[in-house]
Amino acid sequence: MTKNIYLNQAQLNAEINRCLNCKTKPCMKACPVGCSPHDFIQMAKNGDYEGAAASIVNANPMGQSCGLICPDKFCMNACTRSHLDFPINIPKIQASILKHGYPSSTSDIKFNGHRIAVVGAGPAGIGAAAYLGKNGFAVVIFEASDRVGGALNLIPQFRLPHEVIRADWEFVAQNSLIELRLNHVVENYTSLLKQGFDAVIVACGEPNVIDLGIEGEECAVSYLEYLRSPKDFVTDGNVAIIGGGAVAVDCALTARKNGAQNVEMFVRRKIGDMRITAEERMSLLENDIDLTTMTSVKQIHVDEGLLTLDTCKNHFVDGKLQPISGTLIERPHFNLVIKAIGSSAPRYEDSEKIFFAGDCKTGGSTLVEAIASGQAAAIKIIDIFL
Ligand SMILES: Cc1cc2nc3c(=O)[nH]c(=O)nc-3n(C[C@H](O)[C@H](O)[C@H](O)COP(=O)(O)OP(=O)(O)OC[C@H]3O[C@@H](n4cnc5c(N)ncnc54)[C@H](O)[C@@H]3O)c2cc1C
Ligand code: SF4
């Protein structure tokens, strides 16, 4: 299942040999967590895979997961090689190095006397805990669900196998100062201070699905329900996805892999406006996913056991998207409709001892940005206590 998402040894050698060894390290500067592809690629080139792996995990506690799903807008976008031909596939090199092996375990770190609670074991919580643990804080991570990884567990396993999330976590968890308490919902963040924690980092993600706000909305399944358990919604018929972002693409690809005959995405804006990577665009073509753009879904209704979408075309007026009158089109015969237009969470301000990190602070972002946000919250705590 995982064979194509890594580079084999020949591909890895070829890719690391393309690195120009740029002295200014633009790839490192473009990485939200300051990981240095320049350095780990040079180490791998010299056969020092353990050193390369150590260089990655020192900067990034979820290095293998990032290698598999980081978008091309960070290190790859900065890679000098793109001026010559095309950028080095840095994320895949990173994932392949850690697939090869993690560095040997870290030495024991001395407890500095301070205890910190982290709410949420998603990337931001893990990023915060790993950073604090390295600096001698005792950290307890409280996680509502039965596993680490947060929203990463919704990503289809053909892109990010769950064992990769676990492998990254197991390396972090070797630090005996970090404790994980699963199936533990924190209802009140300030109560953790009363329990003796010196500070709290809240990294609870964005759990609320954004509604379409249209009649018949209840006929659609949310991306959250769908990606949590795609097997519950298997159909060999027609599937409509409402939304045009990366999450909508994951829903479309999953429906196709689970046997849907036709998968069609309904997108309000143009193809060029879709916030997806070149690889995601390519995967839509390769998997024969249809795109109906500049189209809004106005209503969903049930007709003889199947679902019909009432749609209308949009155009731009003075730069604003507007419906075009008289363009109502009924699109019948869908077996499943999935809504994937985003998620939200209430926003809170940091207080003296409670800090927010990750998607709950910044809005929907990426894995590596969530880790960076967790690390930034950890640095605030280090500045207070050390
Ligand atoms: C389908 C999908 C595809 C994606 N694809 C990509 C991609 O290709 N590349 C990329 O970089 N990013 C991708 N992302 C985005 C990435 O997963 C998120 O940006 C990242 O997971 C956010 O991390 P976080 O720690 O802020 O929040 P989350 O990952 O949401 O983690 C929050 C954690 O907090 C826990 N929690 C919440 N409330 C409580 C509470 N009260 N008590 C205890 N625990 C609590 C939750 O159970 C959860 O485990 C994708 C996201 C989705 C949904
Ligand atoms: S920018 Fe690209 S070519 Fe230059 S050091 Fe980084 S990975 Fe190598």
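## Two cavities

A search of the whole structure finds two cavities of 30 Å³ or more. A cavity is a set of points, on a 1 Å grid over the protein atoms alone, where a 1.4 Å probe fits but cannot get out; lining residues have an atom within 4 Å of a point. A volume is the space filled by probe spheres set on the points.

This is a predicted model, and totals for linings use all residues, while local features need pLDDT of at least 70. Residues are numbered from 1 along each chain.

## The largest cavity

The largest cavity has a volume of about 130 Å³. Its lining has 15 residues, and C19, C22, C27, C79 and I88 are the closest to its centre. Helix α3 gives the largest share, three residues. By type, the lining holds ten nonpolar, three polar and two charged residues.

## The second largest cavity

This one has a volume of about 100 Å³. Of its 14 lining residues, C31, C70, C75, Q94 and V368 are the closest to the centre. The largest share, three residues, comes from α7. The lining has eleven nonpolar residues, three polar and no charged.

## A buried helix

Helix α8 covers residues 123-134. Helices here are DSSP runs (H or I, at least four residues). Ten of the twelve residues of α8 are buried, so the helix is largely enclosed by the rest of the structure. Buried means under 20% relative accessible area, with a 1.4 Å probe and protein chains only. Among the buried residues are P123, I126 and L132.

Key:
Chains lettered and ligands numbered in written order. Predicted model: local features only at pLDDT ≥ 70, side-chain atom pairs only at ≥ 80, totals over all residues. Heavy atoms only, no water. Helix = DSSP H or I, 4+ residues; strand = E, 2+ residues; numbered from the N terminus. Expected span 1.5 Å × (residues − 1). Buried < 20%, exposed > 50% of the residue type's maximum accessible area, 1.4 Å probe, protein only. 1 Å grid on protein atoms, 1.4 Å probe; cavity = no way out; pocket = protein on both sides within 12 Å on 5 of 7 lines; lining within 4 Å. Nonpolar A, V, L, I, M, F, W, Y, C, P; charged D, E, K, R; others polar.
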